[in-house]
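My entries follow in the order I made them.

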Amino acid sequence: MERAYQRLWEASHVTLEEVLEREPSLLEPVPSRERQSFQYRLSVLYLYYLGLLRRFDMAYDQMVQPQKRRLLRRLLDGVAGRVLELKDELVRVDLCEIHCLDRVLQDLKLTPADLEVPIPRYFQLEQTSAMKARQQMLAEILARLEPLISQENFRGMSRTEALILVQSAERARQGRLRAIFMREIRKEEERDRKNREDGRQKFSQDQGAIVIQKVWKGYLQRKRFEQDRRAEMEFIGMLPSPNQTAHLNILTQAFLGEESRRILQVEKEEEFQNAIGKTHDSLTEIEGPDMKEKMKDQIRQWFIECHALTGRFPDYPDEASGGSYLIFADKTPEQVRQELETQVQENKKKEQEKNREKERETKEKKKKKTKDEKARKEPEVTFKVLPSKVIPVINAGHEEFTSVWKCRSDSKHPSQNFDSETLREEKRKEVELEIRAQVDELMRQELKNLRLAVDKEEGRPLKFPKKKAGKKSGKKRKEKDLTPDRTVDSLFEELVVIGLIKKCMLVTLSDYIGDCLYLGSTLTLANKMPMPSLFDIRQNMALYGVLRLGSHDIHSMAPHVRSVLLVGPSGMGKKMLVHAVCTETGANLFDLSPDNVMGKYPGKNGAQLLVHIVFKVARVLQPSVIWIGNTEKTFYKKVPKEERPMDPKRIKKDLMKAARLLSPGDRVMLIGTTDRPQLAEMKGLCRFYERILFIPRPDYASRYVLWKRMIEKRGPQAAQSLDISALARVSDGYTTGHILQVIQSVLTERRLLQLSKRPLVASEFVGHLARLDPIYREEEESLKDWYFKTPLGRKNIKFSKDQQEAEETRLAKEKKKKK
Ligand SMILES: Nc1ncnc2c1ncn2[C@@H]1O[C@H](COP(=O)(O)OP(=O)(O)OP(=O)(O)O)[C@@H](O)[C@H]1O
């Protein structure tokens with residue numbers, strides 16, 4: 001088994017190598033007229049990385065050898081980071097959040113399933129014990145609160161409500177009695193009728209036999225026919241096999257296999273952890289003293305040689321720059337000596353060169369100026385990708401694989417134990433560093449003494465490089481802690497009790513049903529702007545929400561996105577997506593919707609305190625999702641009169657300030673949802689939310705899968721004879737929520753029991769559908785208009801306009817030429 005995964009891993013590296021070779025070509029700027037080919041290359045790369053992500057995830061999930069898993073994890077995180085970077089590049093080139101990759105998909109001979117962003121399984125499987133404990137705590141607090149809430153409800157029942165309850169119970173009892181009574185009467189009538197009929201008609205024995213035979217043969221024939229038809233359909237693969245048990249057996253076997261490998265992983269990991277500690281100790285004990293002496297000798301030698309050559313002792317590199325490691329890293333002492341000699345000579349040369357260089361610089365400056373002026377004259381849009389932060393990580397991983405693991409035969413570690421040689425190598429480096437730090441300390445002292453003794457020199461002041469960047473970020477992060485005397489656990493509990501932290505619904509992202517747009521690039525060619533499909537929304541949520549929140553390493557490497565806004569009509573599953581992100585990543589769900597915040601932490605500084613506590617807890621107990629439902633209220637242009645007492649804009653200022661303080665590595669994501677973004681002031685909203693995802697009503701393909709999967713979820717066989725295509729056709733304009741509602745009201749328990757006798761037909765749904773209000777065109781148009789006024793939407797419109805104009809002028813020129 002392990003060999004199969006090893007092969008998968010090796011095959012992935014072949015692809016990876018190919019992909020890495022293609023990377024540098026993207027860094028070269030491309031003029032705007034070659035936009036399409038640039039787009040194409042970018043998309044190809046994106047799809048390759050998605051495939052790699054899927055394969056690395058599988059290998060990491062199932063391989064057992066602990067050292068290989070460590071490397072795989074680094075590669076997996078790296079590839080995920082690169083996928084996120086490329087997504088950002090795609091957005092910059094396409095100027096929208098959806099990318100029509102169907103043509104690339106076809107060229108690479110892939111299927112739409114390959115477009116799906118895989119969510120690494122370790123997000124769920126390796127949820128830390130702290131995270132699990134927190135979920136437990138939340139459940140406990142909520143369980144404690146429940147009796148209180150139900151008590152409150154009980155007290156809240158009014159006299160009339162109680163009366164209605166008693167009355168309805170009494171009426172139901174009477175109704176039941178009456179029904180029993182009526183049934184008795186009907187039975188009696190039936191008996192009477194039969195008696196009367198029996199008296200009238202009498203069959204002979206033969207006639208009776210014929211009647212019975214007729215009925216029986218008809219029944220038998222119909223049954224046979226039904227069976228034959230079914231067998232044929234199964235044979236050509238139009239129906240699932242009824243023999244589900246065989247199918248299930250295979251699945252359970254595979255599942256058990258996977259689970260057993262995971263258990264084995266834990267065992268091997270434990271062994272490895274023990275070995276790490278032991279190896280470290282034994283190395284320090286056995287090889288440590290030798291190392292120490294060798295280092296000291298080397299350094300002393302260096303002192304002496306330096307003194308002989310330059311007449312002075314050298315400056316000792318300080319700790320921050322790595323101490324003596326800076327000088328001896330990867331070099332033999334001879335090399336160091338040679339370098340020293342050349343340095344002395346170079347110093348002399350440098351002085352002479354400096355003068356020459358000055359002259360050259362002034363010449364170059366002049367040249368540059370003329371070049372810049374030229375460039376300014378022809379302002380051409382060029383495309384190129386930004387330098388990647390992740391590629392070095394992937395490269396390092398790839399190199400490690402090729403040098404260490406690629407050629408290693410499996411027979412060396414048949415039981416998938418760790419490799420002690422590799423471990424010792426690694427640990428040796430670590431121990432060396434530790435010892436070097438000690439030695440440095442000693443040698444600094446020795447150097448000081450030497451200087452005193454030989455050169456009669458008092459201690460030279462050590463030069464510390466100024467840490468500008470560090471100080472700056474330190475200042476930025478240093479916000480005042482308003483609750484220094486409280487523990488995070490107590491704050492967490494407080495937030496749960498007042499309802500700012502909620503338990504999330506258990507839905508996965510794959511529960512969000514939706515199909516992709518199959519002809520997106522054809523639409524773009526015809527100059528029609530394709531609308532996002534539900535599939536795109538799911539992918540974008542996986543990229544922005546799940547991948548970033550799931551792992552600390554991915555979050556700190558990927559381009560930083562703090563907030564996402566989901567815009568779409570009511571019932572399009574915005575809340576569901578928020579919950580799915582929480583479920584997939586185990587994140588806490590904070591609810592800062594204006595209705596939920598109302599009246600909590602009142603007073604002048606209340607809003608500040610509220611936001612402060614929420615962000616503090618969210619950051620410490622990351623990952624966290626801060627959900628702001630009906631977010632247009634937080635950014636109202638003008639607060640409606642009836643909502644003034646609620647003061648929906650109360651937390652806006654503090655929220656904006658707090659969000660700005662989130663930095664890479666803080667796995668906190670703000671997700672806003674709204675169905676009326678027009679009511680909010682555009683500038684504030686777009687500044688606060690870094691990404692805006694527009695969810696229009698579902699298209700035909702999505703409606704088809706929605707009907708199919710939702711009906712099958714309620715009754716697995718229910719959708720078999722149903723004309724789903726017709727349903728998808730007539731439900732144009734309705735939201736997912738509507739479709740779900742209709743299915744729930746048609747497929748009641750009772751109807752499900754009748755399915756075997758009375759198959760489901762499409763017309764049953766139509767009546768219910770007609771009673772609901774669809775999304776009217778005006779509503780959708782106004783949402784679309786709003787979207788095209790957002791920064792990205794505006795850029796997109798401007799770009800397509802420019803392109804159209806260019807096309808027209810080109811055509812006009814051609815016409816002129818022909819004339
Ligand atoms: N793509 C989908 N697949 C499966 N179920 C969905 C999908 N979209 C929505 N639903 C279901 O539809 C119902 C309504 O969705 P939800 O409440 O999340 O919508 P919403 O956009 O947040 O609505 P509102 O704006 O009114 O708050 C939920 O029960 C959700 O599970």
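Predicted model: local features only at pLDDT ≥ 70, side-chain atom pairs only at ≥ 80, totals over all residues.

Entry 1, a cut-off for helix pairs.

I looked up helix H1 (residues 2-27) and helix H2 (residues 35-62), which pack at an angle of about 155°. Their axes are 10 Å apart. Because angles over 145 degrees count as roughly antiparallel, I put H1 and H2 down as roughly antiparallel to each other. The crossing of H1 past H2 is left-handed.

I then went through the residues in contact. H1 contributes Tyr-5, Leu-8, Trp-9, Ser-12, Thr-15, Leu-16, Val-19, Arg-22 and Leu-26. From H2 I noted, among them, Leu-42, Leu-45, Tyr-48, Tyr-49, Leu-52 and Phe-56. By class, this contact holds 14 nonpolar, 3 polar and 3 charged residues.

On the H1 side I listed His-13, Leu-16, Glu-17, Leu-20 and Glu-23. On the H13 side I listed Ile-391, Asn-395, His-398 and Phe-401. The contact divides into 4 nonpolar, 3 polar and 2 charged residues.

Helix H16 (residues 488-497) packs on helix H22 (residues 606-620) at an angle of about 120°, and the axes are 10 Å apart. H16 and H22 are therefore oblique to each other. H16 passes H22 in a left-handed crossing.

Which residues of H16 meet H22? I found Val-488, Leu-491, Phe-492 and Leu-495. Their partners in H22 are Ile-613, Val-614, Lys-616, Val-617 and Val-620. I counted 8 nonpolar residues, no polar ones and 1 charged one in this contact.

I traced an open sheet of 6 strands in the order S3-S5-S6-S7-S4-S8, and the pairing is mixed. The edge strands are S3 (501-502) and S8 (691-694), each of which pairs on one side only.

I followed one pair further. Strand S6 (residues 624-628) and strand S7 (residues 668-674) run parallel and are joined by 5 bridges. Within this pair, Ile-628 stands opposite Gly-672 in S7.

I found 17 residues around the ligand. Which of them come nearest? They are Ser-570, Gly-573, Lys-574, Lys-575 and Thr-736. Helix H20 (574-585) and helix H27 (736-746) each supply at least two residues of the shell. By class, the shell holds 6 nonpolar, 7 polar and 4 charged residues.

How values were computed:
Residues numbered from 1 in each chain as written. Pairing = 2+ DSSP bridges. Helix = DSSP H or I, 4+ residues; strand = E, 2+ residues; numbered from the N terminus. Axes fitted to C-alpha atoms, helices over the stretch in contact; angles between N-to-C directions. Parallel < 35°, antiparallel > 145°, perpendicular 65-115°, else oblique. Left-handed = near helix turned anticlockwise from the far one by under 90°. Contact = placed C-beta atoms within 7 Å. Nonpolar A, V, L, I, M, F, W, Y, C, P; charged D, E, K, R; others polar. Near = placed C-beta within 6 Å.
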